[in-house]
Amino acid sequence: MYGNQQITDKEIMMNILGSYKLAIEMLSHAAVEAANESIRREYINLLNSTLEDQRAVWTAVNQRGWYPVKAAQPQDIQEARNKFKQPVGMM
């Protein structure tokens, strides 16, 4: 950093969380695009492992109050269910 500024634990954890989000996007895309089934399975395994690691970091961040979330309302949950039940291309 500049001068006497120090990076906080929160900044480090939020950066790590952002890095996991980027890795998840990249692995998801790679799995979708993989033509070889063996490679596709490997990407999916890596994606699942990365999702688990991301969740652990998110939980730590959330427990410290750095990433608070508002509880979803029942109607919001139903809207999300309906949205993702639609066939691809119908959204």
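User: How many residues does helix H1 have, and what span does H1 reach from its first C-alpha to its last?

Analyst: This is a predicted model, where local features need pLDDT of at least 70, side-chain atom pairs count only at pLDDT 80 or more, and totals for chains, interfaces and linings use all residues. Residues are numbered from 1 along each chain as its sequence is written, and side-chain values use heavy atoms, without hydrogens and water. Helices are DSSP runs (H or I, at least four residues), numbered from the N terminus. H1 covers residues 9-33, and its span is close to the 36 Å expected at 1.5 Å a residue (1.5 Å times one less than the number of residues); H1 has 25 residues and reaches 36 Å.

User: Which helix do the buried residues of H1 pack against?

Analyst: Buried means under 20% relative accessible area, exposed over 50%, and partly exposed in between (1.4 Å probe, protein chains only). In H1 the buried residues are Met13, Leu17, Ile24, Leu27, Ala30 and Ala31. They pack, by contact (heavy atoms within 4.5 Å), against helix H2 (37-63).

User: Which residues does Glu37 join in a salt-bridge network?

Analyst: A salt bridge is a side-chain nitrogen of Lys or Arg within 4 Å of a carboxyl oxygen of Asp or Glu. Arg40 and Glu37 meet in one at 3.8 Å, N to O. Glu37 also bridges to Arg41, with the closest N and O atoms 3.8 Å apart. Through shared partners, Glu37 is in one network with Arg40 and Arg41.

Technical notes
Helices (H or I, at least four residues) and strands (E, at least two) are DSSP runs, numbered from the N terminus.
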